[in-house]
Amino acid sequence: MEVSKYNYYDILEISQQCPQHEVTTAYERAKTTYSGENPAIYTIFSEHEARELLKLVEEAYAVLGNKTLRAIYDEKLSQKNVNLADLSYENLKALSKVSVPEAPKKISSEPVQKEKDPNFESEYLALTAWDGQWIKKVREYKGLSVGYMSEVTKISSFYITAVEEEQIENLPAPVFVRGYVVQIAKVLGLNEKLVADTYMKRFKDKFGK
Amino acid sequence: MAAQVWAIGAGKGGVGKTFVSSSFGITLSKMNSKVLLIDFDFSGANLHTLFGSELSDRNLRTYVEGKAALAEIISSTSVPKLSYVQGFWDTWGAPSLTLEKTKALISEARELPYDYVIFDMGPGPHVANLELFGAADERFLICNTEPTTIEKTYRFIEAFICRELQKVTNKEQHQKLITALQSFHIKEKSNVLFSFRNYLQEATNIDVDFFAELEKHPVRLILNGTRSRAEQDLGYSIKSVCNKHFDFGIDYIGAVEHDNAVWQSVKSRKPVLLDKPFTPLAGQFLSICKSITCPNFQSNLYKAVV
């Protein structure tokens, strides 16, 4: 056994594969062994030596008892030509603080604006009674997919489809449906009050709520 | 198939070697193996006392003096499949047990038609004890939770290591090792992680890589007479100290709890496991024996059931 200050697995006398709870058990056993007046160390280790050993045990557990630090330590150990002095608790702790930059948020499908159709635009801007079919038409005219709508509005695409298809059985209470319609109308650049009022009126008339 | 030799020793007297040996014998014979117990305590044998038998002329003394073969001095016990050999009970004129005699005894014991031959050794690291301990297939060290016993257990392990070192080195090298070891005890150790093995290597330049060989048949530690969980955990502490100090891995195989049934049965001169077969001790011995004879068996299950 190569004895090194930084061979934490040897200090706690466990294997590198052992699960996390066994690390804690090993630490507790080592702590009882080398602290206080344990009869097992009498005549073998002096008080001073036991204190030094206890320090090593504490440092070993500070690293191995922490999942993040243990993972970094394992990775460092597996590298060849590892400098053992790099493996001190302080160094590993500093390494764990290096933040990994978060990947930029990906939006699944960017809107693809189709050719402008002034006739259609003036038609829907003049509309005074909205329904699901019209919302769908406008969305498709603007080249926005259901998935994109869902990501922008945070409404599940299931409900967006349900609003467009007016599937009463798939929709929640009217107060939520109104909220959905407002959000959708905002994204589509419509007058959200008009759209929501007329959509909900139709909704209540149609389904008697 | 040759019989397996189990040696049961301890650093100090009175820690329960005879109790553990007889309990092993009974447990193994209950597991349907043929077992022979040999009382190897030449400082005063008393295996026969546990079984409540009378003193007999046919004991280990007649074997050592060459008057009888080992097979002729075996007596039966009340347990089927369990026999035993009485030890020297007349210690005042005990014949000296030479190294050759010990070696011959071990090889003769292996040839007997038994599955297990269990040697109940005397206390302390005598030459004959160490020879037997080194030659055995399974070695057990019995220890209790008193500091005196633990200290003597370390001394026993140290003596055992030195004895085994003698086998792999020549005379000059061994003398060098012994001198190095003596100075090791006096020297103030500057570095905490300065281990016994590393020290030998540095001080003598002799490669002492035989430790790995020794660990293949590890010394198995049994803590006897434990009264609490904390006392049972002492076994792990002893194991850890052996690891850190000697670089010598021992196997902590289990604890045997303190039980009033033990002294009551000894007083009535009956083995505990026969006198009071339903003590928790029976389960503890069963799980220890199971974990050695079938290592893959979930021995903890047994502890829960019995």
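This is a predicted model: local features need pLDDT of at least 70, side-chain atom pairs count only at pLDDT 80 or more; totals for chains, interfaces and linings use all residues.
For chain A as a whole, the average pLDDT is 83, and 88% of the residues score at least 70.

We can turn next to the place where the two chains meet. Contact between them involves 21 residues of chain B and 22 residues of chain A. The size of an interface is often given as the accessible area lost when the parts come together. For chain B and chain A, the buried area is about 2100 Å², and carbon and sulfur atoms contribute 62% of this area.

One salt bridge is found across the interface of chain B and chain A. Its partners are the side chains of B:Lys244 and A:Glu13, with an N to O distance of 2.7 Å. On the side of chain B that touches chain A, the elements giving two or more residues are helix H6 (147-168), helix H8 (196-204) and helix H10 (229-246) of chain B. Of these, H10(B) supplies the largest share, 10 residues. By residue class, this side of chain B comprises 10 nonpolar, five polar and six charged residues.

Helix H7 (residues 132-141) of chain A has as its buried residues A:Gly132, A:Trp134, A:Ile135, A:Val138, A:Arg139 and A:Tyr141. The cover over the buried residues of H7(A) includes helix H6 (118-125), helix H8 (146-153), helix H9 (157-165), helix H10 (174-187) and helix H11 (192-207) of chain A. Just after H7(A), A:Gly143 adopts a positive phi of about 75°.

B:Thr279 sits in the loop between helix H12 (272-275) and helix H13 (280-293) of chain B. B:Thr279 counts as buried because its relative accessibility is 9%, under the 20% cut-off. Leaving aside residues up to four places away in sequence, B:Thr279 touches B:Asp259, B:Ala261 and B:Leu273.

Note on methods:
Residues are numbered from 1 along each chain as its sequence is written. Chains are lettered from A and ligands numbered from 1 in the order in which they are written. Side-chain values use heavy atoms; hydrogens and water are left out. pLDDT is the predictor's confidence in each residue, from 0 to 100. Contact means heavy atoms within 4.5 Å. Buried area is the accessible area (1.4 Å probe) that two parts lose on being put together, summed over both. A salt bridge is a side-chain nitrogen of Lys or Arg within 4 Å of a carboxyl oxygen of Asp or Glu. Helices (H or I, at least four residues) and strands (E, at least two) are DSSP runs, numbered from the N terminus. Ala, Val, Leu, Ile, Met, Phe, Trp, Tyr, Cys and Pro count as nonpolar, Asp, Glu, Lys and Arg as charged, and the others, Gly among them, as polar. Buried means under 20% relative accessible area, exposed over 50%, partly exposed in between (1.4 Å probe, protein chains only).
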